[in-house]
Amino acid sequence: MGKLWDKQGHDLAFWRERCSALEEEIMYLRRDLAYRRSEQVRQEHLSAARDTLLKRLNTAYQSLIDEKNILTRELHLTNSKLQAIMDNAPLPIFSMAPDGRILFTNPAFRNCIQHDAIPSPFTIQAVLPKEIATNILEYRGIVLSQGVPISFESSCEFRGAFCIMELTLFPLKNFGEIPVALCCICQDLTENRRMLAENIRSGQLASLGEVAASVAHEINNPINGIINYSQILLDQDMDGADSILDNIIRESTRIASITKSMLNYARSDADDREECSLNAIIENALELTRLGIMKSGIVLKVDIHPELPRVEAS
């Protein structure tokens with residue numbers, strides 16, 4: 001049987017090859033179409049997921065903005081309250097950087113040092129008395145390293161007058177609880193110490209009045225003895241004069257001792273401290289009060305170690 005040819009001169013084998021190629025091309029197109037459809041579906045899913053995620057992010061972002069606005073308002077309110085407290089605080093308050101630069105001052109502090117405003121570059125050495133600034137810088141390292149407040153007293157000459165200040169240093173910490181600055185609260189103790197000294201002085205004078213009567217008796221007895229011994233010297237010859245004169249000197253010395261004890265007790269220089277013997281202090285006090293104790297029927301027994309340590313007292 002002979003071969004079949006078409007009008008273009010192609011035989012059956014040619015068309016078979018051609019059909020096979022077309023079938024492969026159709027299969028490729030089908031796979032490509034399926035891939036494109038799956039990719040389109042995937043893109044649609046991704047787009048939907050992206051839209052959902054963007055909506056969630058926008059919601060979360062708006063929530064963060066709202067929360068930030070609330071916190072900002074609360075922070076401003078807290079700062080306003082803190083500023084009002086600082087401005088109306090009767091005690092001088094200031095904050096400082098670790099290098100001694102002044103960061104903040106309240107009106108009481110500015111009024112205390114007679115400055116209307118303190119520029120930021122100012123340091124405590126330039127504003128405060130030398131003694132106070134030196135003490136603050138000495139305690140600065142302890143407060144910053146240990147993160148705990150410290151209170152101490154410092155005395156100085158300020159505006160031509162002696163003053164005693166109590167200062168409290170405490171750390172200002174960041175969010176990591178690391179001290180980054182210092183705050184100092186100052187309190188003038190000068191008037192309190194003066195009033196305390198006056199109260200002590202008033203108590204001394206009051207107790208001195210209580211023992212005045214017994215002391216008067218203590219002084220009266222040796223005076224009578226002096227008078228009597230002097231009268232004996234007038235009435236007798238001079239043979240026994242030495243013994244009588246010794247008695248006169250002893251009684252006179254006793255009067256001087258009592259008077260000295262009263263003057264030491266009543267003196268007003270309470271801040272003048274010196275080393276003294278506890279035994280002598282106790283003996284002087286007993287010398288002023290012994291007669292009153294005896295008249296009250298009290299039997300007083302004193303047992304003091306002869307070598308008590310010396311102390312600083314006024």
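Visitor: Why is C276 called buried?
Guide: Its relative accessibility is 16%. Buried means under 20%, so C276 counts as buried. Keep in mind that this is a predicted model.

Visitor: What makes E274 partly exposed?
Guide: Its relative accessible area is 48%. Buried is under 20% and exposed is over 50%. The value for E274 falls in between, so E274 is partly exposed.

Visitor: Where does E274 lie?
Guide: In strand β6, residues 274–276.

Visitor: What is E274 in contact with, leaving aside its neighbours within four places in sequence?
Guide: V311, E312 and A313. A313 is 39 residues from E274 along the chain. Yet the C-alpha atoms of E274 and A313 are separated by 5.7 Å.

Visitor: How many disulfides does a search of the whole structure find?
Guide: It finds 0.

Visitor: Is C156 buried or exposed?
Guide: Buried. Its relative accessibility is 4%, and the limit is under 20%.

Visitor: What makes β2 and β3 edge strands?
Guide: Start with the sheet. It is open, has 5 strands and runs in the order β2-β1-β5-β4-β3, with antiparallel pairing. β2 (102–105) and β3 each have a single partner strand, so one side of each has no neighbour in the sheet. From one strand to the next, the twist averages 25°.

Visitor: How do you know that β4 and β5 pair?
Guide: Pairing takes at least two bridges. β4 and β5 have 9, in the antiparallel sense. L169 stands opposite C184 in β5. In the hairpin of these strands, 5 residues sit between them, and E177 takes a positive phi near 60°.

Visitor: What makes β1 and β5 a pair?
Guide: They share 4 bridges, and at least two are needed. This pairing is antiparallel too. I93 has I185 in β5 as its bridge partner.

Visitor: Which strands does α4 lie across?
Guide: β1, β3, β4 and β5. The helix runs at about 165° to β3.

Visitor: Why is N135 called buried?
Guide: N135 is in helix α4. Its relative accessibility is 18%. The limit is under 20%, so N135 counts as buried. Neighbours within four places in sequence aside, N135 is in contact with F152, E153 and S154.

Visitor: Which residues touch the most other members of the largest nonpolar core?
Guide: That core has 22 residues. F94, I124, L128, I132, I136, L167 and C184 touch the most other members. Elements giving two or more residues to this core include β1 (93–96), α4 (130–146) and β5 (179–188).

Visitor: What does F94 touch, not counting residues up to four places away in sequence?
Guide: F94 touches F104, T105, F109, I124, L128, I136, L182, C183, C184 and C186. I124, L128, I136 and C184 are also among the residues that touch the most other core members.

Notes
Residues numbered from 1 in each chain as written. Predicted model: local features only at pLDDT ≥ 70, side-chain atom pairs only at ≥ 80, totals over all residues. Heavy atoms only, no water. Core = buried A, V, L, I, M, F, W, Y, C linked by side-chain atoms within 4.5 Å. Buried < 20%, exposed > 50% of the residue type's maximum accessible area, 1.4 Å probe, protein only. Contact = heavy atoms within 4.5 Å. Disulfide = S-S within 2.5 Å. Axes fitted to C-alpha atoms, helices over the stretch in contact; angles between N-to-C directions.
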